[in-house]
Amino acid sequence: AVFDFGCGKGASLINFIYHGIKKIGGVEYDNELFLAPEKFVKNNIPIYKRDRQKSINAIVHANFQCEIDNMHRTFIRKKSSIPYTEAHHLIPLSYQDYFEYSLDIEENIVSLCSNCHNEIHYGINACKLIEKPYNERKELLRKKNIEITIDKLLSFYGY
């Protein structure tokens, strides 16, 4: 969706959201607990309802930088002036059944450059990349009643 707010050709929805968040002072983690989201099955695969705003909030919270290494190169989005990063659920949503509370929360969503995101999914050294955000997030996750060891998390990624 494109909205015209007097910004030339218009601004993307994410640009609008970003500027709205900046006006209210950023995104901070809260203490609210959310039960596991609604699940439905498609082609015998469980799928959990996601809240796109949670991913946007997580990326904004990371200041549009890669949380593996904030020096990693990104690029500016074509339809906005925002650096491009990708939202990644540290504990994959496909493992939601193991947890009573929602994994679709800002504390579990990491902002990554395209390279790190793909390396986590397809790279041989993904376990090294996963450890950094895990160590930075484990206490935040615990506050949301989500407890997981690094060994269990790595097993979700096939290690």
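## Asp-97 and Lys-39

Asp-97 is exposed in this predicted model, its relative accessible area being 51%. Its side chain meets that of Lys-39 in a salt bridge, with N and O 3.1 Å apart. Asp-97 sits in the loop between β5 (86-89) and β6 (109-112), whereas Lys-39 belongs to strand β3, so the pair ties together parts that are 58 residues apart in sequence. Lys-39 counts as partly exposed, at 43% relative accessibility.

## The hairpin of β3 and β4

Strand β3 covers residues 39-42 and strand β4 covers residues 45-48; the two pair in the antiparallel sense over 4 bridges. Lys-42 stands opposite Ile-45 of β4. The hairpin has 2 residues between its strands, and Asn-43 takes a positive phi near 55° there.

## Other salt bridges

The structure holds 7 salt bridges. One of them joins Lys-144 to Asp-30, with the closest N and O atoms 2.9 Å apart. This pair links distant parts of the chain, 114 residues apart: Lys-144 is in the loop between α4 (126-143) and α5 (150-156), and Asp-30 is in the loop between α1 (13-23) and β3. The two partners can be described by their accessibility: Lys-144 is buried, with a relative accessible area of 5%, while Asp-30 is partly exposed, with 40%.

Another salt bridge is formed by Glu-67 and Arg-137, whose closest N and O atoms are 2.6 Å apart. Elsewhere, salt bridges that share partners join Asp-30, Glu-107 and Lys-144 into one network.

In soluble globular proteins, nonpolar side chains tend to be buried together. The largest nonpolar core here has 26 residues, and those with the most contacts inside it are Ile-91, Ile-130, Ile-146 and Leu-153. At least two residues of this core come from each of β6, α3 (114-122), α4 and α5. Helix α4 gives the largest share, 6 residues.

Once neighbours within four places in sequence are left aside, Leu-153 is in contact with Leu-90, Ile-91, Pro-92, Ile-130, Tyr-134 and Ile-148.

## Asp-104, buried without a salt bridge

Asp-104 is found in the loop between β5 and β6. Asp-104 is buried yet has no salt bridge. The nearest side chain of opposite charge is that of Arg-50, 6.2 Å away; a salt bridge requires the nitrogen and the carboxyl oxygen to be within 4 Å.

The side chain of Asp-104 does have polar partners. It reaches the backbone nitrogen of Asp-51 at 2.6 Å, and a polar contact of 2.8 Å joins the side chains of Asp-104 and His-89. With neighbours within four places in sequence left aside, Asp-104 is in contact with Lys-49, Arg-50, Asp-51, Lys-54, His-89, Leu-93 and Ile-109.

Terms used. Residues are numbered from 1 along each chain as its sequence is written. This is a predicted model: local features need pLDDT of at least 70, side-chain atom pairs count only at pLDDT 80 or more; totals for chains, interfaces and linings use all residues. Side-chain values use heavy atoms; hydrogens and water are left out. Two strands pair if DSSP finds at least two bridges between them. Buried means under 20% relative accessible area, exposed over 50%, partly exposed in between (1.4 Å probe, protein chains only). A nonpolar core is a set of buried Ala, Val, Leu, Ile, Met, Phe, Trp, Tyr and Cys residues joined through side-chain atoms within 4.5 Å. Contact means heavy atoms within 4.5 Å. Lys and Arg count as positive and Asp and Glu as negative; His and the chain ends are not counted. A polar contact is a pair of N or O atoms within 3.5 Å; within protein, one must be able to donate a hydrogen and the other to accept it, and residues adjacent in sequence count only if both atoms are side-chain atoms.
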